[in-house]
Every structure is written in structure tokens, then in C-alpha cells.
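Keep the viewer open as you read.

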Amino acid sequence: MMKPLLFNAFEMMVPVHQSPGLWRHPESRIAAFDTLEYWTQLAETLERGRFSALFLADVLGVYDVYGASADTAYRGGLQYPLLDPVSAVSAMADHTRHLGFGVTASVSYEHPFLLARRLSSLDHLTAGRLAWNIVTSYQDSSAKNMGLAQQIPHDQRYDRADEYMEAMYRLFESSVEPGAVVNDAHAGVVVDPQKIHPAEHRGEFFTVPGPALTHPGPQRTPLLFQAGASPRGRAFALDHAEAVFLIGATPELVRHWVDELRDGLQARGRDRNAVKIFAMATVVTGATDAEATARWESYRDYVDTEGALALFGGWTGVDLAQADPDDTLEYVTTEANRSALEAMTTLAEATGGSAYTVKDLAEFVALGGRGPVLVGSAETISDQLERWATVADIDGFNISGAVRPADLERFATYVSPVLAQRGQLASPAPEDTPRTLREQFFNAGPHTAADHRATSYRHSVR
């Protein structure tokens, strides 16, 4: 029997996330993306659908590679305008009891001292339901917004990220001992000074001399997500991640990365299953296969293929504005998101497919971004998800909607009950005792596992 699967909703606080043009669909309510009600209602829907978490993507720049301009992105609402992903988390947590929240934060453009305070605060305010999606950022526009001439070279970004994590572990695990906040009215002591320690991090890229400003939340180190699939990104994941998010068009392609990850974990002395691995899928469902297919075909009337090329340019740093539609994509090394381009070129061929033409790429990305689109009734979708999970050897899915929030609402209404009946849904039932997000993912304690690097910084294990 297949193991139960974990499901996260893959979202972004923008008009258009992964499916350019679908904001125009009559069922779209994404015009309200900048209201708190939109996000609290979505959180309630996901909790009803027994999702484990809401995974919120983020970037710090605009998609200005296509045609050397951001105008296409502006006109199409392509991940612009963009709200801060942490801004609504506390309110969504207040409307739910079990749903976790994965927030994306870049280690390239924020000092670890400030980010540690923000994440620890959210871990408290969500009762331990927080995950941090660690990214190094991939846009030149992001770097320029932060005062740099161009982005830091790809592999150097990960070198800095390794040191960044050391500083974060010191702040989360070493600086404030368990039980430091005593609130002893009789002795007149709120915090025991003997249990507060300076971080004392002095490295090549960062200096953090003092103690953490916020005491650690229920998980101490929030659950750690990572989404980079380049060789350097995968090496970073082996050292730090507890969950990895992969995007590939076929389960065979994703399996290529999964096998490398599990072998690498074992080589580093971590359990082969120490990291939960998620693949992206966009799901279009309905009461019957015919209804779902008709819905999917209606979506194609709204796609924006030029917007898809603008998204791809932002991901990869490759401008296809002047390319012939029949040109075949070729892999080139850029300082942007290397795995996005690799997946459409060399790896597509290596795993039994063929490299994409520019036209193929535009049509594919226009519905669902770089991942697969699964279409059908709840039973059909469940079968497809089972096949994907088996072939790719993954632990779950980040589910994206093309029409937002309607597709996620239909997933909760149609697919979740069938998954639950089949025993394929691992997230907790509403009546279960609330747990931290790490406990939901691993059915273990609230803190990092013994073989995780963060644990070595903890006072109790020194």
C-alpha cells in the first residue's frame, strides 16, 4: 500500500503566480489578492481540505529579462505587484488550528539577526506552524534593488548561504537556552540572565556578536524548506534542508533529482528519508472527468503565452523575445535559476523526453508554470498523484491553482475526500490535537532531528 502523502498549497501574494492570463477567467477572484479576507478564507479552505501547509513564494525584483523590459510583467500582473509573504501569516494562523505556513525569505539580501527575530516571532504566533523556505534569489533586478550592480555569482550565493545558516543556528539554538523565560513573580525575574548567550558569529560574510532578540519559538529552528535543484543547491539541501521542493514536467525527471538527494543524504550520514521531498502539480478537477476536461479546455482560451516567456526569462535570465518559435532551447550557464533551464533542456532529454522549442515552452509554461497539469475527476487525480509519487519516490505535492482560488477550493471539495478515503492523505484531521509543522511532517518531536546540523548547536547536546 502506498504511503500517505503530504500536501501544501503553492501560492504567492500576487495577481498572477504560475499561469499567465488566467486572472481574466470569470471564476477568478484574485483581484482581491491585496485583502486580508482573501488569504484568511483561503487558509480556512486549505484547513478544510486537510492541507499540511500554505507555501508562499517570494521574489525581490521584477521580471524584466524578456525584451529587456518589465512592461510585459506589469501588463500581465506577472508576480507584480507583490505583497510581503509574512504580512498575513499571523491572521491566517488565527483562522486555523493545524495549517502550517511556509514563508520564503532570501539569505542574500537580509541580515540574519533581523530574519531570526522575524521567524522566531512567527513561530510563536503560529504555535509552531512555521516553515522557512530558504532561497538565495535569482534576479538581477533584486540585486539592483539592494544596491548591487548585479547579483552575486550563483555558487557564491550558496557559500554565503552556508555561513548564513550557521549564524541562524546560533541564534535559534544556542543563544537562548530552554527555560530562559521563567516569569518568576516571586523572585522578580522574567528572564534568567545565565541562560542568555551571545551568538558570537564572526565569519567571512556576516557578523552577529550579540544574543538573539527574540526567544526561540516552539520549534526553535523553524522547519527548513529549500527549493534549489542545481548541483550547488542540492548540496546546500543535503546539509540544511528538512523538506525540498522540486519542479519538473515528468515524474522521471523529478526521480533523477530525488535519487541524487537520497544518495547524498546517506553519504553525509543523514537518514535517506531525513528530507521530505515535494513536487509541484497544477490540478484542474471537477465532479467528473468530462467536467474537468471542459474546464481545462476553457482555461486555454485565457492563457498569455508572451507572459509565459516573460516568467521564464525572469527565472532563467534568458531573453527569448527575439527567438524563432521553432528554435530549440539550449542550456547555457547563467547566474539565475539554473535548474529551470536545465529541466527544459539537458535533463529533459536525459530522462527520456526531448528539449523544448520556444513555442513548446510558451504553451507549457502558460498553464501551471514548469510543473505538470493534472486534469480529471477526484478519482482520476488521485490515481495520477499516486503514479507520480510512486515513480518519482516523493513524499507529497505542492499544489498550484491556475484559476485562483477556485482550483484550490475544488481540490479541497473533490480530491481531498477521495485521498482521505484511500488513506493517501497524511495531514491531520481537524479533531486531532494541534501539533507543530515539524511534528506533522515527521511524526516526531518539534525540534530538528539528531542528524541535522542545527541540533549540534543546541546547548543540551553540547
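Start at Arg268, which is partly exposed at 41% relative accessibility (buried is under 20% relative accessible area, exposed over 50%, partly exposed in between, with a 1.4 Å probe and protein chains only). A quick note: this is a predicted model, where local features need pLDDT of at least 70, side-chain atom pairs count only at pLDDT 80 or more, and totals for chains, interfaces and linings use all residues. Numbering runs from 1 along each chain as its sequence is written, and side-chain values use heavy atoms, leaving out hydrogens and water.

Arg268 makes a salt bridge with Asp239, the closest N and O atoms being 2.7 Å apart; the term means a side-chain nitrogen of Lys or Arg within 4 Å of a carboxyl oxygen of Asp or Glu. That pair links distant parts of the chain: Arg268 sits in the loop between helix 8 (251–267) and strand 11 (276–286), and Asp239 in helix 7 (residues 231–240), 29 residues apart. Helices (H or I, at least four residues) and strands (E, at least two) are DSSP runs, numbered from the N terminus. Asp239 itself is buried, at 15%.

Now for a longer reach. Glu27 pairs with Arg410 in a salt bridge, with N and O 3.0 Å apart at their closest. Glu27 is in the loop between strand 1 (6–11) and helix 1 (36–48) while Arg410 is in helix 15 (residues 406–421), so the pair ties together parts 383 residues apart in sequence. Arg410 is buried, at 10%, whereas Glu27 is partly exposed, at 31%. Both belong to a salt-bridge network that also includes Glu291, Arg295 and Asp407.

Last stop, the surface: Val190, in strand 6 (residues 189–191), is exposed at 51% relative accessible area.
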